[in-house]
Amino acid sequence: MHRLSFTSRVVSRTVLSLAIFTSIGMAPGTCLAKKPAARPVRNWRDAPAIVDIQKEVDIVAIGDVHGDYERLIGLLKRVGIVPETPEAPDKVAWSGGETVLVCTGDLIDKGNRSLDVIACFRALRQKAADAGGAVYVTMGNHEAEFLADPEDDEKAEKFLDELDHAGIEPSDIASGNDRRGVGKFLLALPLAVRINDWFFAHACDTQGATLANLAREIEDSVNEDGFAADVLVGERGLLEARLKPIPWWERDGDSPKRSEARLRGYADALGIKHFVMGHQPGKAKFSDDSKRKAGEMVQKFDGLIFLIDVGMSSAINKSEGAALKIVSRNGTQSATRIGAHGDPTQLWSD
């Protein structure tokens with residue numbers, strides 16, 4: 001099966017629309033109501049909106065993988081999560097012990113091995129659980145927007161190409177009915193994870209909600225509007241809020257103290273001390289005039305927020321990858337950047 005090019009599909013759909021209008025006696029240009037997308041059916045008890053863990057554990061966090069299976073495996077070997085390159089993605093082994101691995105979403109698209117990336121994380125989740133560890137992948141905006149509109153060529157063109165070559169219908173994934181179980185995996189991804197006083201999400205803008213209120217709003221909104229819900233992918237959405245033109249926690253004219261106080265208030269509402277977000281690998285400028293270089297992992301406000309998307313996919317290629325390792329020992333914590341190459345760099349310690 002070969003999927004048509006974007007231009008060919010537009011032409012085909014136009015011809016089909018003209019045929020439909022003619023067959024039902026309507027003039028071209030007459031509006032037909034668009035059939036609403038099916039809303040996902042999700043058991044929020046079995047697949048909670050926000051996973052909440054209270055246990056002293058070491059954490060390894062990585063940002064957007066975007067279909068680059070090779071760099072993902074290389075980085076996981078570098079941080080000791082996997083011992084070697086597996087013969088197949090679903091044969092991957094776990095060597096992380098009781099460590100918790102968190103990925104802040106956007107597994108799919110841009111690169112050309114999204115299905116292998118998903119297979120790897122699914123296998124690691126079971127292998128980690130068997131060893132006393134855990135793997136959590138939070139949903140990214142690319143997953144949410146694909147599930148909301150699985151035929152959106154502009155947003156998920158690379159992933160759609162990959163599905164086409166694998167003989168998988170995008171609508172089957174979005175409904176959770178594909179034969180590989182990819183859809184069930186994506187549909188059940190948490191939207192955020194809190195581990196002690198660390199909060200992980202794709203973009204992290206909670207708009208000052210408490211953890212309970214945020215979880216309730218996600219459930220109600222997704223039940224009503226699906227994964228296109230504004231709380232997820234709106235301009236201030238948990239998966240969509242951006243660092244440009246200014247970081248989402250800032251307002252025009254903010255002083256550094258004011259922007260920090262706003263973000264700290266958001267943290268207090270959640271009962272946390274640290275945000276960890278992916279989503280944005282590019283340049284950024286902050287209210288204190290400091291800057292983040294493209295592909296750089298940084299923290300702001302003495303560890304209040306960490307930006308961990310380093311553009312690791314070769315399709316983006318702002319870096320070859322980096323992970324944030326959070327170590328907790330006897331009530332003290334540290335956070336270290338571990339890159340694909342070179343020595344680890346401590347970013348923060350209490």
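**Figure 1. Overview of the predicted model and its contacts.** Among the contacts in the protein with a separation of 6 or more, 67% are accounted for by residues 24 or more positions apart. The model shown here is a predicted one, and its secondary structure comes to ten helices and 14 strands. Of the 350 residues of the protein, 53% count as buried.

**Figure 2. Confidence along the chain, with the stretch of residues 1-37.** The pLDDT of the protein averages 90, and 89% of the residues score at least 70. Over residues 1-37, however, the pLDDT is below 50, although this stretch has 27 contacts in the model beyond near neighbours in sequence.

**Figure 3. Helix H2 and the elements that cover its buried residues.** Helix H2 spans residues 69-78, and its buried residues are Tyr69, Leu72, Ile73, Leu75 and Leu76. When the helix is seen down its axis, the buried residues of H2 fall within an arc of 165°, so they line one face of the helix. An α-helix has 3.6 residues a turn, so residues three or four places apart point the same way. The cover over the buried residues of H2 includes helix H3 (114-130) together with strands E2 (59-62), E3 (100-103), E12 (322-329) and E13 (332-339). Just after H2 comes Gly80, which takes a positive phi of about 80°.

**Figure 4. The packing of helix H3 against helix H5.** Helix H3, which is also part of the cover over the buried residues of H2, packs with helix H5 (residues 153-166) at an angle of about 85°, and the axes of the two helices are 9 Å apart. This angle makes H3 roughly perpendicular to H5. On the side of H3 the contact is made by Ser114, Leu115 and Asp116, while H5 contributes Phe159, Glu162, Leu163 and Ala166.

**Figure 5. The packing of helix H4 against helix H5.** Helix H4 (residues 141-148) packs with H5 at an angle of about 70°, with the axes of the two helices 10 Å apart. Because angles of 65 to 115 degrees count as roughly perpendicular, H4 is described as roughly perpendicular to H5. The contact is made by Asn141, His142, Glu145 and Phe146 of H4, which meet Lys155, Ala156, Phe159, Leu160 and Leu163 of H5. The residues of the contact of H4 with H5 divide into five nonpolar, two polar and two charged. Phe159 and Leu163 of H5 take part in this contact with H4 and also in the contact with H3.

Conventions. Residues are numbered from 1 along each chain as its sequence is written. This is a predicted model: local features need pLDDT of at least 70, side-chain atom pairs count only at pLDDT 80 or more; totals for chains, interfaces and linings use all residues. Side-chain values use heavy atoms; hydrogens and water are left out. Buried means under 20% relative accessible area, exposed over 50%, partly exposed in between (1.4 Å probe, protein chains only). Helices (H or I, at least four residues) and strands (E, at least two) are DSSP runs, numbered from the N terminus. The arc is that of the directions from the helix axis to the C-beta atoms. Contact means heavy atoms within 4.5 Å. pLDDT is the predictor's confidence in each residue, from 0 to 100. Axes are lines fitted to C-alpha atoms, for helices over the stretch in contact, and angles run from 0 to 180 degrees between N-to-C directions. Angles under 35 degrees count as roughly parallel, over 145 as roughly antiparallel, 65 to 115 as roughly perpendicular and the rest as oblique. Ala, Val, Leu, Ile, Met, Phe, Trp, Tyr, Cys and Pro count as nonpolar, Asp, Glu, Lys and Arg as charged, and the others, Gly among them, as polar.
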